[in-house]
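Welcome, and thanks for taking a look at this one with us. Below is a short briefing to read alongside the model.

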Amino acid sequence: MSLSSQQKVTATSPTMGELTKPTLIQSTVLGGTAAMFAVNFTHPIELVKTRVQVSHDGIIKTCSATMRNEGIAAFWKGIPWAYCREGSYTAIRLGAYAPVRDAIGAGSPDAPIFMKFLAGAITGAVGSVAGNPFDVLKTLSQTNKGTSKPLMTLVGQMYSDQGVKGFYRGVEVNVMRACVLNATKMGVYDIAKGKVVDSTGWTRKDPRTAFFSSFLAGFFMTCTVAPFDRIRTNLMNQPTDKKIYNGLTDCFVKTVKEEGVLSLWRGFIPIWARFAPMATLQLLTIEFLYDACGFKSI
């Protein structure tokens, strides 16, 4: 082969070790794996947050009562449903974000901010529809302060009382919540990574970049999502054989009328205490998995 031919091959061949972008399926699977790992550590905080919202008790009182009456294992009540939720809802909203963002032309660092938020909203909405049944069952399991019900008993009771639609109660607010949550989480994270890189000189793949960016995303998630989270909890926590609210608007009006506007942010501290480590663990884990599989970082 002539020198010129060798130069042409070198110029057109991919660089050794060049990172590739994952496909939609690959990224979704990695997102689900990261989420199912992280939920083991954040589920107890989620349980406390949910009970604070429905009982109106404080964090310390809720934790001590749960420990005293039900034991430490109670903090993981509903964990099987949480695994199902993370493997569906979060797998899509976390894992599908980068492929969807790139597909709509928002993959470059200088892409419009609203496009990154749009990608997060799209994946959040789709994921919330897929995971809503598991969200309902998880919420009922977490707020049950008696003996834990077997999984199939809870499913059978819900289906007997309300049919298939019972598994999708609260879906409207869940979709709205997911759009706001994921747009904030992934949009802020994506933008913050660029700012951190510019300010520190760290790379986008550096764990320090991911840590600071994800922690910041967790705070803003709490500010924007808390009201939706409160309404969602109220809707999903209705007894299987009783309907307290006639949809999203009725729940919102009754909650504000009976408890005031600020009640929409009830549980802010436990929500933040969950979102900050949850976002950090999920994003650090998926970045690690991306790297281990030879993919570009988010």
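Which residues lie nearest the centre of the largest pocket? They are Gly107, Ser108, Pro109, Asp190 and Arg204, out of 25 residues that line the pocket. Please keep in mind that this is a predicted model.

**The largest pocket**

- The volume of the largest pocket comes to about 500 Å³.
- Helices α5, α6 and α8 each contribute at least two residues to the pocket lining.
- Helix α8 provides the largest share of that lining, with 6 residues.
- Asp190, one of the residues nearest the pocket centre, also pairs with Lys116 in a salt bridge, at 3.5 Å from N to O.
- Because Lys116 sits in helix α6 (residues 113-143) and Asp190 in helix α8 (residues 171-200), this pair ties together parts that are 74 residues apart in sequence.
- Both Lys116 and Asp190 are buried.

**Salt bridges across the chain**

- In total, the structure contains 23 salt bridges.
- One of them joins the side chains of Asp102 and Lys21, with N and O 3.7 Å apart.
- That pair connects distant parts of the chain: Asp102 belongs to helix α5 (residues 97-103), Lys21 to the loop between α1 (3-12) and α2 (24-55), and 81 residues separate them.
- Asp102 has a relative accessibility of 23%, so it counts as partly exposed.
- Another salt bridge brings Asp135 and Arg232 together, their closest N and O atoms lying 2.8 Å apart.
- Here too distant parts of the chain are linked, with Asp135 in helix α6 and Arg232 in helix α9 (residues 207-236), 97 residues apart.
- Asp135 and Arg232 are both buried.
- Through shared partners, salt bridges join Glu46, Lys49, Arg85, Glu86, Asp135, Lys138, Arg177, Asp229 and Arg232 into one network.

**Helix α4, a bent helix**

- Helix α4 (residues 79-95) has 17 residues, yet its end C-alpha atoms are only 21 Å apart, whereas a straight helix would reach 24 Å at 1.5 Å a residue.
- There is a bend of about 35 degrees in α4 at Glu86, a residue that also takes part in the salt-bridge network.
- Most of α4 is covered, with 12 of its 17 residues buried.
- Among the buried residues of α4 are Trp81, Arg85, Glu86, Tyr89 and Leu94.
- Thr90 also belongs to α4.
- Is Thr90 buried or exposed? Thr90 is buried, because its relative accessible area is 0%, under the 20% cut-off.
- Leaving aside residues up to four places away in sequence, Thr90 touches Ala35, Arg85, Gly95 and Gln282.

**The enclosed cavity**

- The structure has 1 cavity of 30 Å³ or more.
- The largest cavity has a volume of about 70 Å³.
- Its lining is made up of Ala35, Ala38, Val39, Thr42, His43, Glu46, Arg85, Glu86, Lys138, Arg274, Met278 and Gln282.
- Helices α2, α4 and α11 (268-292) are the elements that give two or more residues to this lining.
- Helix α2 gives the most, with 6 residues.

Technical notes. Residues numbered from 1 in each chain as written. Predicted model: local features only at pLDDT ≥ 70, side-chain atom pairs only at ≥ 80, totals over all residues. Heavy atoms only, no water. Salt bridge = Lys/Arg side-chain N within 4 Å of Asp/Glu carboxyl O. Helix = DSSP H or I, 4+ residues; strand = E, 2+ residues; numbered from the N terminus. Buried < 20%, exposed > 50% of the residue type's maximum accessible area, 1.4 Å probe, protein only. Expected span 1.5 Å × (residues − 1). Bend = angle between axes of the 7 residues up to and from the residue. Contact = heavy atoms within 4.5 Å. 1 Å grid on protein atoms, 1.4 Å probe; cavity = no way out; pocket = protein on both sides within 12 Å on 5 of 7 lines; lining within 4 Å. Points joined across faces, edges and corners; volume = space filled by probe spheres on them.
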